[in-house]
Amino acid sequence: ARRIIIDTDPGQDDAVAILLALASPELEVLGITAVAGNVPLALTARNARIICELAGRPEVKVFAGCEAPLARPLVTAEHVHGKTGLDGPVLPDPAMPLQDAHAVEFLIDTLRREPEGSITLCPLGPLTNIATAFRRAPDIIARVREIVLMGGACFEGGNITPAAEFNIYVDPEAAAEVFAAGVPLVMLPLDVTHKALVTAERNAAFRGLGTPVGEAVAQMTEFFERYDREKYGSDGAPLHDPCVIAYLLQPGLFAGRQINVEIETASPLTLGMTVADWWGVTDRPRNALFLRDIDAPGFFTLLTDRLATL
Ligand code: BDR
Ligand code: CA
């Protein structure tokens with residue numbers, strides 16, 4: 001199985017990504033590291049455990065990480081995800097423990113201990129934990145197999161400012177360091193995730209599973225689609241973060257280009273923008289596989305089939 005660490009700020013779409021990973025035998029989740037993002041750290045660390053328990057996997061190791069971005073105050077997204085970050089279903093408080101170690105310590109220790117090139121990092125929130133680990137232990141950078149992350153946008157424009165996508169905007173300094181680190185990097189930007197919409201029919205398929213997981217996922221997407229439907233008249237909630245896990249399982253569902261992507265960290269107008277050289281107009285190094293397209297029906301079939309196994 002491919003060994004992954006999920007770095008996350010749940011978040012309903014993070015929650016669905018975690019469920020998809022835990023439902024997939026091709027993946028081994030070595031740990032889940034929580035970061036502040038959609039809601040503050042105490043809530044993301046709690047929500048991650050709620051989801052492991054929902055999946056029937058209380059033995060999964062969950063670590064709490066950084067409480068605030070490297071250089072800025074935290075910006076959260078309760079306007080999308082609700083006060084708890086996981087509004088929608090009523091789920092029990094977690095009984096499983098939070099691990100004692102800090103998420104950054106876990107990242108460093110695990111990457112040092114496991115064979116070089118064997119671990120894939122899957123960031124689904126701001127990149128604070130990853131950048132902090134890289135700063136503190138630069139020797140681990142070359143040991144990472146690949147980073148497959150949800151973040152950024154190009155043709156689609158931003159969702160927290162006109163220029164920036166939320167995860168990158170919240171900690172642009174962290175993102176700039178991670179994108180410059182030289183690790184093979186795959187990005188699932190809004191250009192992809194805004195095509196992964198939970199239509200009424202797709203949500204009925206989740207509910208139709210007739211399981212606690214199916215019902216909880218249906219209620220989560222019903223909650224956070226209110227934002228996108230009311231604000232943009234879109235067809236349903238975009239399932240951003242599960243695209244990362246789906247890419248690991250079936251890369252053929254996605255298409256894009258290997259290009260240069262740089263992160264804006266200075267301009268107040270475009271802070272956190274992923275400046276993507278899609279047309280190859282610079283000589284800057286191609287540091288990211290920027291995915292732009294998704295087979296959305298194929299993605300939802302995969303997701304629903306896997307959730308059915310939980
Ligand atoms: C990203 O921001 C968060 O609100 C979602 O969980 C996703 O990771 C989308 O911009
Ligand atoms: Ca997220």
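Okay, so let's start with helix H11: in it, Pro242, Cys243, Val244, Ile245, Ala246 and Tyr247 are buried. Buried here means that 20 or more other C-beta atoms, placed from the backbone, lie within 10 Å of a residue's own. H11 covers residues 242-249 and is mostly covered, with six of its eight residues buried. Helices, by the way, are DSSP runs of H or I with at least four residues, numbered from the N terminus.

Quick word on the source: this is a predicted model, where local features need pLDDT of at least 70, side-chain atom pairs count only at pLDDT 80 or more, and totals for chains, interfaces and linings use all residues. Residues count from 1 along each chain as its sequence is written, while chains are lettered from A and ligands numbered from 1 in the order in which they are written.

Now, ligand 1. It has 15 residues around it, and the closest are Gly11, Asp13, Phe166, His240 and Asp241; to count, a residue's C-beta atom, placed from the backbone, must lie within 6 Å. Helix H1 (12-22) and helix H6 (166-170) each give at least two residues to that shell. By class, you get five nonpolar, six polar and four charged residues. Nonpolar is Ala, Val, Leu, Ile, Met, Phe, Trp, Tyr, Cys and Pro, charged is Asp, Glu, Lys and Arg, and the others, Gly among them, are polar.

Last, a helix pair. The axes of H5 (residues 128-136) and H7 (residues 172-179), lines fitted to C-alpha atoms over the stretch in contact, come within 8 Å and cross at roughly 55°. From H5, Thr128, Ile130, Ala131 and Phe134 make the contact with Ala174, Glu177 and Val178 of H7, where contact means C-beta atoms, placed from the backbone, within 7 Å.

Key: Axes are lines fitted to C-alpha atoms, for helices over the stretch in contact, and angles run from 0 to 180 degrees between N-to-C directions. Two residues are in contact if their C-beta atoms, placed from the backbone, lie within 7 Å. A residue is buried if 20 or more other C-beta atoms lie within 10 Å of its own, exposed if 12 or fewer, and partly exposed in between; C-beta atoms are placed from the backbone.
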